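Here is a short briefing on selected local features. Please read it alongside the model.

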Amino acid sequence: MKKLTLSTFALALVLAACGGDAAESTTTSEATTTPTTQATTTTPPETTTTTVADTTTTTTELPGEPIDFGPAEGDTLAVIGVAHDDVLNLRAAPGADQEIVAGIPNLADDLTALGNTRDIGDSFWIEVSYDGTTGWVHYSFIGYLGVTDDLTSTVIDQLGETPVAETMLDIGAAVAATFASEEPESDIVLAVAPTVGDLGEVTYDVIGIGDDAVRGFRVHVFGQPEDETFGLMSVEVTTLCGRGVTDDGLCL
């Protein structure tokens with residue numbers, strides 16, 4: 001993990017956009033076309049002849065190739081790395097150009113994997129069921145929720161001090177950046193917009209740290225209002241897993 005300071009806020013905002021068609025998802029349904037049946041009737045004296053045309057059904061194959069990869073049938077998945085003001089598209093077939101059949105909320109954690117993955121050349125697509133609708137979602141935006149830990153002391157050690165900032169966006173971006181990697185460069189996405197009451201809160205998803213077991217982290221930051229600033233109070237971090245979780249919430 002790299003050590004970054006409050007100056008990372010600009011980076012966090014730039015990387016906060018995703019979902020929509022960045023979060024590409026799809027619903028699976030093979031298109032079927034059935035030609036109409038035509039009947040021709042000829043009536044000579046006291047004779048009726050009916051000729052029925054052959055009926056054929058053409059099935060359109062799903063894009064790409066099936067591969068033995070991805071979530072197992074029945075696994076429970078969560079949406080990850082989608083911005084707070086966006087949704088994950090559920091599409092009718094694998095591919096960003098397929099029909100959108102539903103939008104899945106960015107913090108949904110109850111998608112059910114159907115055990116099918118397709119490789120369309122530049123991306124993987126996973127068949128899932130959500131809220132009664134079956135479809136396909138982009139692999140980059142689904143994962144397993146792992147264990148949640150209090151990592152406040154770890155963050156303070158990384159930053160070298162307890163951070164103080166004018167806004168919860170600033171302090172949250174600085175905290176989230178401590179969980180990002182430089183190679184590969186992580187995406188830092190604003191998953192829950194800041195709220196302010198007795199405490200300030202904000203949540204960022206940090207996705208893409210170069211580990212296929214750990215996809216990233218969901219960083220929930222609490223700030224204590226102090227005059228016209230916020231001081232870091234605590235940091236709760238949920239590990240986002242790529243291959244599944246143990247009963248203890250550890251990534252497989």
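Pro-184 sits in the loop between helix 3 and strand 15 (187–196). The model is a predicted one.

**Backbone geometry**
- Most residues other than glycine have a negative phi, and most peptide bonds are trans.
- Asp-131 has a positive phi, near 50 degrees, and is not a glycine.
- Asp-131 belongs to the loop between strand 11 (124–130) and strand 12 (133–138).
- With a relative accessible area of 70%, Asp-131 is exposed.
- Asp-227 also shows a positive phi, about 55 degrees, without being a glycine.
- The loop between strand 17 (214–226) and strand 18 holds Asp-227.
- Asp-227 counts as exposed because its relative accessibility is 86%, and the cut-off for exposed is over 50%.

**Helix 3**
- Helix 3 spans residues 168–177 and is mostly covered, with nine of its ten residues buried.
- Among the buried residues are Met-168, Asp-170, Ile-171 and Val-175.

**Strand 13 and its partners**
- Strand 13 (residues 142–150) contains Asp-149.
- Strand 7 (residues 76–79) pairs with strand 13 in the antiparallel sense over two bridges.
- Ile-142 in strand 13 is the bridge partner of Val-79.
- Strand 18 (residues 229–241) pairs with strand 13, again antiparallel, over five bridges.
- Thr-238 in strand 18 stands opposite Thr-148.

**Surface charge**
- A patch of negative charge on the surface gathers Asp-149, Asp-150, Glu-201 and Glu-236.
- Asp-149 is partly exposed, at a relative accessible area of 37%.

How values were computed. Residues are numbered from 1 along each chain as its sequence is written. This is a predicted model: local features need pLDDT of at least 70, side-chain atom pairs count only at pLDDT 80 or more; totals for chains, interfaces and linings use all residues. Side-chain values use heavy atoms; hydrogens and water are left out. Patches are made of residues with over 30% relative accessible area and no salt bridge: like charges are joined within 9 Å, nonpolar side chains (Val, Leu, Ile, Met, Phe, Trp, Tyr) within 5 Å. Accessible areas come from the Shrake-Rupley method with a 1.4 Å probe; for residues, only the protein chains shown count as cover. A salt bridge is a side-chain nitrogen of Lys or Arg within 4 Å of a carboxyl oxygen of Asp or Glu. Lys and Arg count as positive and Asp and Glu as negative; His and the chain ends are not counted. The place of a charge is taken as NZ of Lys, CZ of Arg, CG of Asp or CD of Glu. Helices (H or I, at least four residues) and strands (E, at least two) are DSSP runs, numbered from the N terminus. Buried means under 20% relative accessible area, exposed over 50%, partly exposed in between (1.4 Å probe, protein chains only). Two strands pair if DSSP finds at least two bridges between them.
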